[in-house]
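Here are some friendly notes to read alongside the model. Please keep the structure open while you go through the points.

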Amino acid sequence: ATTACSRVSGADTKNGGDLLERLKAQGTVKLGLAGEQPYSYIDKNGKLTGTSPAIARIIFERLGVPDVQPFPTEFNSLIPGLNSQQFDVVAAGMYITPERCEQVLFADPEYEMRDAFIVRKGNPKNLHTYEDIKKAGAKMATGTGYAEIAYAEEVGLKESEMLLLPDQLAGLLAVEQGRADVFAGTAVTVRNVVRQTRSRKAEYTEAFTPKLDGKPDLGTGAFAFRKTETNLRDAFNRELHKMKKSGELLRVMKPFGFLDEEMTTMTAKERCA
Ligand SMILES: CC1=N[C@H](C(=O)O)[C@@H](O)CN1
C-alpha cells in the first residue's frame, strides 16, 4: 500500500508539481460531489449548485482558478475518487471524522450541524433520537458511508440491519413506501428534501445532537484534499477564514437554508484528534 501511495504523490509532482499551480495553469478545478441538497448538487436545469460549489467558486477564483467543474459520484466513493485523482477536491460538506482524517486532508469546517430524521407523517413510532429507534425496534435507513451510521451504532444499532441507500431522496421514498421507518441524515438535508418534494406522506423531526464516544457530537463539514496537497489546503483555509471573519460565508450559506448558529469556529485539527 505504501508503494501505491508514494506512486500517486510522485505522479502529482511529475505532472507539474504543486496542484494549485497546475489548477491555475488549467484555469479549472474539478469538484467531487454526491448529489445532496443543499450541500452540493446538480439542479433541475443541469446547473451545479449548493453551498460547497458556491464557496468553491469564490475561493478558487480568489486563488486564481476561475472555473469549477462537477464530478458527481456516490457519497461512499468521494474519498476513493479523490485519492485516485478523479477530481481535485471533495466539495460535499463532508463531516470531518478521525477515520476520514487518516485518508484525506480536511480544510477547516464551514459549518456545524445536528441530525434529524425523515419519518412517516404523524411520526407513528415517535422517533426523535437514535435511542428511540433502538427502543422501538424500528427499521433505520441512511446513506452508504454516512457519518450517521456511527451515531446509530453508538446506541447499539447495527449497520448490517440498516437499509443503506444512495441518497436522501431514496431515503424519503423508502420511508413513504414503508420499507424503512426512519431515514437519518443531517438536519438541513432532511428538512430540505421533505420541503422541496412537498411530501404528503412524510415529515422531518426536530434537529437533535447525536452522541459519539459517549459525548454529544456536532457534525462539522469541510472540503477535503489529497494528503499530499498541504499547500492547496492551506491556501484554501486562508481564504475560508477571511470569509468567516467578514461574514461573507454566512451570507453565501444562508440562502441554502443554513442558520446563523450553524456557523462554526471549530478546526480540522480539533476534529481529527
Ligand atoms: C453532508 C453530509 N454529511 C454526512 C457525512 O459526512 O457523513 C452525511 O450525512 C452525508 N452528508
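Which residue in β5 does Leu-31 stand opposite? Leu-31 faces Val-89 there, and the points below put that pair into context.

1. A word on the basis. This is a predicted model, in which local features need pLDDT of at least 70 and side-chain atom pairs count only at pLDDT 80 or more, while totals for chains, interfaces and linings use all residues. Residues are numbered from 1 along each chain as its sequence is written, and side-chain values use heavy atoms, with hydrogens and water left out.

2. Strand β1. Strand β1 (residues 28–33) runs parallel to strand β4 (residues 67–72), and six bridges join them. Strands and helices here are DSSP runs numbered from the N terminus (strands E, at least two residues; helices H or I, at least four). β1 also pairs with strand β5 (residues 89–95), again in the parallel sense, over two bridges; pairing requires that DSSP finds at least two bridges between the strands. Leu-31 has Pro-70 as its bridge partner in β4 and Val-89 opposite it in β5.

3. Pro-38 lies in the loop between β1 and β2 (41–42). The peptide bond joining Gln-37 to Pro-38 is cis, with omega about 0°. Most peptide bonds are trans.

4. Two packed helices. Helix α3 (residues 51–62) packs against helix α10 (residues 230–246) at an angle of about 115°, their axes lying 10 Å apart. Axes are lines fitted to C-alpha atoms over the stretch in contact, and angles run from 0 to 180 degrees between N-to-C directions. α3 and α10 are therefore roughly perpendicular to each other (the class for 65 to 115 degrees; under 35 is roughly parallel, over 145 roughly antiparallel, and the rest oblique). From α3, the contact (heavy atoms within 4.5 Å) takes in Ile-55, Ile-58, Ile-59, Phe-60 and Arg-62, and from α10 Leu-232, Phe-236, Glu-239, Leu-240 and Met-243.

5. The disulfide. The structure holds one disulfide, a term used for a pair of cysteine sulfur atoms within 2.5 Å. Cys-101 is joined to Cys-272, with S to S 2.0 Å. The link of Cys-101 and Cys-272 is left-handed, with -75° about the S-S bond. The pair connects distant parts of the chain, 171 residues apart: Cys-101 sits in helix α5 (residues 98–101) and Cys-272 in helix α12 (residues 268–272).

6. A backbone detail. Arg-198, in the loop between α9 (187–197) and β12 (202–204), is not a glycine, yet has a positive phi of about 50°.
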